[in-house]
Amino acid sequence: MIFAWMVLLAVLSASFVVFPLLGKARDQVIVADSTSAVLVDQLEEVQRDLDRNVISEGEATAAQLEIKRRILTVARRAAQGPDADNRGGRNGLFLAAVFVPLFAGGYYALMGSPEISSLSFADRQAERVEQQKIVDLTDKLYARLVSEPGGGASEGWMLLGQTFSRMGEYQRAVEAFEIVANRDDATSATYSMLAEALINAEQGIVTPKAETAINMAMELDAANPAGVFYKSVALAQRGEEAAAHAMLLSHLEAADGFASWMEPFVQQANQIAEKLGRDPITLSDYAPISGSEPGPSAEDIAAAGDMSDEDRGEFILSMVDRLASRLEEDPNNLDGWIRLANAYRVLGNNTQALSAYERATVLLETIGSADQRHEIVRKALTELQNQSVEE
Amino acid sequence: MTPEIGHFALALAFALALIQSVLPLMGANRGMLLWMQSARATSIGQLVLVGIAFGALMKSFIVSDFTVINVASNSHSLKPMLYKIAGTWGSHEGSLLLWVLILTLFGAGVSLFGANIPETLKARTLAVQAWISTGFLSFMLLTSNPFDRVFPPPADGNDLNPLLQDVGLALHPPFLYLGYVGFSIVFSFAVAALLEGRIDAAWARWVRPWTLAAWVFLTAGIVLGSWWAYYELGWGGWWFWDPVENVSFMPWLLGTALLHSAIVTEKRDAFKSWTILLAILTFSLSLLGTFVVRSGLLTSVHAFAVDPERGLYILFLLALSIGGSLALYAWRAPMMEAGGLFKPISREAGLLVNNLILGTATGTVLFGTLYPLFLEAVTGDKISVGAPFFNATFVPMMLPLVLLMGMGPFLSWKRADLAGVLQRVRFIALASIVVTLVIWYIQEGGPLLAYISILLAVWLLFATLREWAMRIRLFDVSFTDAMRRARNLPRASHGMTMAHAGLALAMFGFIGSSAWKTEEVVFVAPGTTIEIAGFDVMFEGVERVRGPNYFADRGTLKVTRKGQAVTTLFPERRYYPIAESSTTESAIRSTLAGDLYASIAEPASEDAELSGAWTLRILYEPLVNFIWIGSALLMLGGGLSLTDRRLRVGAPKRARTTSATPTPAE
């Protein structure tokens with residue numbers, strides 16, 4: 001729809017350029033000089049002033065003489081005027097008309113954001129209701145935790161901290177995580193989440209306090225991806241880029257198959273690599289796409305063929321549903337969405353497959369353009385769209 | 001979709017501007033009619049496309065589409081609809097879009113109403129106009145895109161500066177820009193004339209309506225801004241010699257000079273290169289105004305437009321347009337033919353002195369505005385040049401101008417009879433002195449300069465009315481006959497009378513509210529009574545009230561005079577929680593004699609707040625409303641002149657003498 005409007009606008013703009021070609025013959029005449037008209041008008045004005053007694057007879061005669069002399073000069077000059085070419089330059093106009101949409105289209109392709117649709121405030125009622133619900137629930141949880149004897153359960157404070165982080169209230173998140181961090185049941189994750197909130201609260205700067213939390217997280221679990229990630233950020237900010245880069249790479253190499261933390265690792269490593277002048281890496285170097293994570297693959301579904309129809313149906317649906325609900329909780333899992341879409345496709349549910357692929361498409365923007373998952377999703381989407389056209 | 005359509009339309013407008021910058025100019029040089037004529041359609045095309053972009057942005061503001069960063073930063077869902085709409089041009093990006101919209105409006109205006117302008121001059125003028133729009137469209141698309149997006153959008157917007165949520169200020173930028181940018185077309189005409197190497201009576205007449213229109217709008221813009229400052233800032237002043245005010249005042253001063261010198265060029269074929277220079281400088285000062293406000297070069301009341309990086313781009317545009325046009329002027333202006341001669345006592349000489357004074361005054365304001373910047377750049381010292389400098393330099397310079405203004409219209413072209421003129425005005429001079437003495441007797445005090453100024457204002461008013469009476473022979477013929485003559489008088493003549501009389505009236509306001517103003521700033525508790533200019537003002541207390549997007553502390557003041565109740569005033573201090581800022585809403589009792597003006601500020605301390613004590617500012621400003629009445633007359637006079645048939649070159653009556661198509665020029 002938007003592109004139809006743009007084409008219409010582009011055609012309209014181009015037609016403005018070629019508009020003179022539509023002109024009729026009577027327009028193809030250079031407008032004569034109207035200077036003498038102005039001067040004749042001035043002559044009449046002098047006469048009027050004289051009639052009104054504003055100027056004397058002598059003044060009027062002198063003024064009229066001067067104006068008449070100027071009329072003569074103008075007439076002489078007009079006679080020497082050059083002739084105009086009334087027909088030439090058509091090709092130039094056509095070229096210019098082609099230039100206009102090309103130029104604007106080229107600019108827009110670089111700078112436009114056609115993928116973001118308009119969203120008026122009135123249309124976002126559901127979002128606000130949802131947000132209000134979260135705020136209300138958070139307030140309730142906070143009130144309960146504070147009133148509980150013994151300071152409230154650590155799980156509760158962790159949940160509260162994560163919710164505050166998502167809402168962008170990092171300072172409150174820090175306060176929640178700190179309560180757990182000061183307890184004996186604090187885990188590596190407690191400290192890495194605290195570090196993350198502290199860094200976000202300072203607009204990305206790793207403060208000494210945040211670094212202490214990072215170190216604690218790594219002490220408790222040296223393999224905690226969040227701990228490693230923020231350690232690398234701290235190192236890079238301190239100027240130890242090479243160490244940060246090496247740390248990220250060794251952690252990626254140690255990984256067994258794909259995990260959701262790998263994407264930010266690759267991005268961070270590439271950012272540092274750019275400063276160091278090293279080659280960028282891609283996710284596929286470390287995580288082959290074949291589904292190594294648990295989830296319904298085409299093989300699983302085929303294996304279910306031995307079961308009775310009823311059992312098989314239930315088995316498949318339960319697997320798919322499990323994956324779907326997991327993804328609702330963790331919507332940033334790109335590979336998860338691709339797997340879910342595949343499963344729907346195998347089940348013949350093209351509408352849901354399409355919507356899962358679309359969710360994946362949104363996440364594709366967060367990874368490098370060289371990643372092979374771009375191609376996988378694009379191909380699947382094309383096939384699905386072709387199928388729906390054929391139907 | 002809407003913002004993206006707007007963005008794309010802007011890109012198309014830029015492409016059209018590029019074409020219009022080149023093709024018509026080449027056409028004019030090679031005599032190719034098709035290329036020349038392309039400017040007509042492309043200038044209208046630019047208006048349509050920029051109009052679509054402006055509409056798209058306005059729609060985004062109206063529906064509060066916070067996926068547009070500009071809307072998210074400058075609006076809020078709770079804001080009253082009028083200010084949502086005004087928010088379209090309230091931000092840096094939006095105001096630039098408005099700037100370009102007006103630029104294209106004037107370009108399209110020449111294209112639609114300039115059927116009788118010779119093809120080559122029109123093509124060159126529109127090409128120059130397209131250079132300006134190319135500069136500003138590229139500035140917008142590269143550094144200040146109003147259609148930048150964000151996803152996911154923030155839950156709600158950041159509100160518009162509450163100080164700017166005022167009707168006066170909502171309309172102030174559009175009018176100011178209509179004035180500023182209106183001078184662009186005059187500039188384009190001037191540069192086109194230089195390229196063409198020719199300027200004559202017809203050129204001057206084509207330029208005059210555009211100059212006049214821009215001047216009327218600029219007057220309206222300045223007056224609205226001044227009116228806003230008076231009502232909204234709570235200081236009771238209408239002009240602060242703030243740099244941002246000065247940069248709008250300079251093009252006005254020089255535009256006024258241009259308006260008058262164009263008359264000489266038209267009537268007497270003189271002042272040609274001077275008129276061209278004025279046209280270039282007037283628009284250059286408009287550009288300077290845009291630069292100063294938009295670059296954040298100066299930090300003042302208008303500190304909301306601070307962004308030095310963008311400033312560099314405008315500085316580059318400024319250097320290119322002013323430097324380029326002045327270089328062209330230096331090269332081509334000496335080739336202009338000399339015009340008609342005149343004696344030292346003549347209307348031309350009067351207008352020349354008028355131009356010199358206005359030019360010098362502009363230079364003075366420019367110096368006072370830019371000097372602190374230069375000093376800071378060179379020595380690092382920060383100083384401010386304020387009212388004392390301008391009152392000591394600008395005001396005395398204006399007084400001879402007013403004296404001359406009264407006399408000028410009596411002078412005839414070429415060679416005037418000084419003795420005859422003096423004889424005509426001697427009774428007026430006498431009457432002015434008598435009136436001033438009466439005022440002196442009533443006022444019993446005030447600075448001498450105020451009385452000299454009053455004398456000149458009265459002189460200007462009387463002389464203007466006398467000249468008008470003379471033209472219609474009010475006292476020589478019967479009243480009905482005189483009225484018939486008044487009807488037959490050209491509208492521009494009435495316009496001049498109105499504008500000159502308007503200035504005289506505005507002067508009463510300037511002088512009265514400056515020289516005889518009384519002011520009390522006091523610390524009051526409920527029940528306190530203050531005496532000012534014969535009024536007794538009793539402070540009753542402050543209560544908390546709620547508005548649509550603010551809450552306010554509203555004071556109640558009972559005003560009496562000699563025991564008789566006069567009025568009750570409710571000044572407010574408003575607090576806008578979302579924008580986290582507060583504004584002053586003054587309360588004013590307005591009469592022709594003067595304004596009683598009250599505003600409340602914060603309580604002086606927490607203890608004072610508990611006891612209900614507040615800081616109260618009360619002023620009495622005599623004659624201040626004459627400023628607004630006089631300004632309205634200035635604008636009406638300009639507007640009336642604009643409707644004069646004589647400004648429509650090639651109007652039907654003269655069609656028989658030319659092949660020009662009869663179309664109005666404005």
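The legends below describe close-up views of a predicted model.

Local features are described only where pLDDT is at least 70 and side-chain atom pairs count only at pLDDT 80 or more, whereas totals for chains, interfaces and linings use all residues. Residues are numbered from 1 along each chain as its sequence is written, and chains are lettered from A, with ligands numbered from 1, in the order in which they are written.

**View 1. Chain A as a helical chain.** Chain A holds 17 helices and zero strands, where helices (H or I, at least four residues) and strands (E, at least two) are DSSP runs numbered from the N terminus. Of its 391 residues, 29% count as buried, that is, 20 or more other C-beta atoms, placed from the backbone, lie within 10 Å of the residue's own.

**View 2. The side of chain A that touches chain B.** Here 61 residues of chain A are in contact with 60 residues of chain B, a contact being a pair of residues whose C-beta atoms, placed from the backbone, lie within 7 Å. Two or more residues each come from helix 1 (2–18), helix 2 (35–51), helix 3 (57–79) and helix 4 (90–111) of chain A, and helix 4 of chain A gives the most, with ten residues. This side of chain A comprises 36 nonpolar, 17 polar and eight charged residues; Ala, Val, Leu, Ile, Met, Phe, Trp, Tyr, Cys and Pro count as nonpolar, Asp, Glu, Lys and Arg as charged, and the others, Gly among them, as polar.

**View 3. Helix 13 and helix 15 of chain B.** The axes of helix 13 (residues 387–407) of chain B and helix 15 (residues 448–471) of chain B come within 8 Å and cross at roughly 20 degrees, the axes being lines fitted to C-alpha atoms over the stretch in contact and the angles running from 0 to 180 degrees between N-to-C directions. The two helices are therefore roughly parallel, a term for angles under 35 degrees. Residues of helix 13 of chain B, including L399(B) and V402(B), meet residues of helix 15 of chain B, among them L456(B) and W459(B). The residues of this contact divide into eleven nonpolar, three polar and no charged.

**View 4. An open sheet in chain B.** Four strands of chain B lie in the order 1-10-9-8 with antiparallel pairing, two strands being paired if DSSP finds at least two bridges between them. Strand 1 (518–524) and strand 8 (587–590) of chain B are the edge strands, each pairing on one side only. Seven bridges join strand 9 (residues 594–600) of chain B to strand 10 (residues 614–622) of chain B, and Y597(B) stands opposite L619(B) in strand 10 of chain B.

Definitions and conventions: Contact = placed C-beta atoms within 7 Å. Parallel < 35°, antiparallel > 145°, perpendicular 65-115°, else oblique. Buried ≥ 20, exposed ≤ 12 C-beta atoms within 10 Å, placed from the backbone.
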